[in-house]
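Grab a pencil and work through them one at a time.

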Amino acid sequence: MKIAIASGKGGTGKTTLATNLAVLCSSGSRDKPTVLSDLDVEEPNSGLFLKGETLHQQKIMKEIPGWIRDKCTFCNRCKEVCNFNAIAVLPDSVLVFPELCHSCYACVGLCPEDALVMKDHPIGELSHYKVNQLDFIEGKLNIGEQQAVPLISKTIDYTKENFPDNSIFLYDSPPGTSCPMIESVKEADYVILVAEPTPFGLHDLNLSVKTMHKVGKAFGVVINRHGLGNDDIEQFCRKERVRILGRIPNMPEIAEKYSRGELIIEIPEIRREMLNILTKTEEITGRWICRENHKTS
Ligand code: SF4
Ligand code: SF4
């Protein structure tokens, strides 16, 4: 079961929901692993709330062309075939711009002199932590790297290679509705969109809902900081027939716990609401997620 937690913009409470649901699931599903992946690789912050033992760390690479000076005739073919302006042919050298390269192999395949070969280039780091029963995987993009998608894809691959298919996979997705977010939800069985009841929140939810329809994903909405603004989000969901899975209230205790890097399921009212969110997700998907859920419901 793969659940992505996404939102149209940052700061809506996506990571708060992802980390708290993950800890609930892991403590209630001891018969199968729960794996939380922080795929917000440009700014991963799930780790602020999850302290555990490091099990594994590795550099993540992508392939870029390396130039072999002795073979090059400076014919300019590589520059012509690169759709991403990632290669420049100068009078006495060929330059590759790693941050622009999409590893498409076109220049390597079409160089008439075999003067380009693919080589590894580091783009970020993957870390695997054990936090009680939870397996927490964090992808972190190197400073200056601009392409999040390859790192997101490799972080998801790591979880698929290291955990059984029947695990509960939670993805803390990047904010927005562009390629990184789509990469992080494309394999999900279900997407939870987090929205806040403000005019900006409604605007971003609208974009996220359109994106979900385009990519054909089943989804529901959690309203965070419920009670803060107006009820436009509720009206929007009714009109668009979008299921509201839960409402996290706008409470000072939540802000206090957040500022201390603590989980908000320590507040009984919030724990109940998080379990309700899991129950509704189970009803919709027809898949068992959290044993504790069934004990308390
Ligand atoms: S296509 Fe090959 S030979 Fe031509 S400029 Fe590029 S690297 Fe040199
Ligand atoms: S591998 Fe593709 S994107 Fe990268 S430099 Fe070559 S042609 Fe451009």
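**Exercise 1.** Why does the distance between the end C-alpha atoms of helix α6 (residues 199-215) agree with its 17 residues?

*Solution.* A quick note before you start: this is a predicted model, where local features need pLDDT of at least 70 and side-chain atom pairs count only at pLDDT 80 or more, while totals for chains, interfaces and linings use all residues. Residues are numbered from 1 along each chain as its sequence is written, and chains are lettered from A and ligands numbered from 1 in the order in which they are written.

Step 1: helices are DSSP runs of H or I with at least four residues, strands are E runs of at least two, and both are numbered from the N terminus. Step 2: the expected span is 1.5 Å times one less than the number of residues. Step 3: α6 should therefore span 24 Å, and its end C-alpha atoms are 25 Å apart, which agrees.

**Exercise 2.** Work out which residues of α6 are buried and what they pack against.

*Solution.* Step 1: call a residue buried if 20 or more other C-beta atoms lie within 10 Å of its own, exposed if 12 or fewer, and partly exposed in between, with C-beta atoms placed from the backbone. Step 2: in α6 that picks out Gly201, Asp204, Leu205, Ser208, Val209 and Thr211 as buried. Step 3: looking down the axis of α6, these buried residues fall within an arc of 160° (using directions from the axis to the C-beta atoms), so they line one face of the helix. Step 4: that buried set packs against β1 (2-6), β9 (190-195), β10 (219-226) and α7 (232-240), where a contact means C-beta atoms within 7 Å.

**Exercise 3.** Find out which residues come closest to each ligand.

*Solution.* Step 1: a residue counts as near if its C-beta atom, placed from the backbone, lies within 6 Å. Step 2: ligand 1 has 14 residues around it, the closest being Cys72, Cys75, Arg77, Cys78 and Cys111.

**Exercise 4.** Say how the chain is divided into domains.

*Solution.* Step 1: an automatic or database assignment supplies the bounds. Step 2: domain 1 takes 2-60 + 125-296, and domain 2 takes 69-114. Step 3: their centres, taken over C-alpha atoms, are 40 Å apart.

Definitions and conventions. Contact = placed C-beta atoms within 7 Å.
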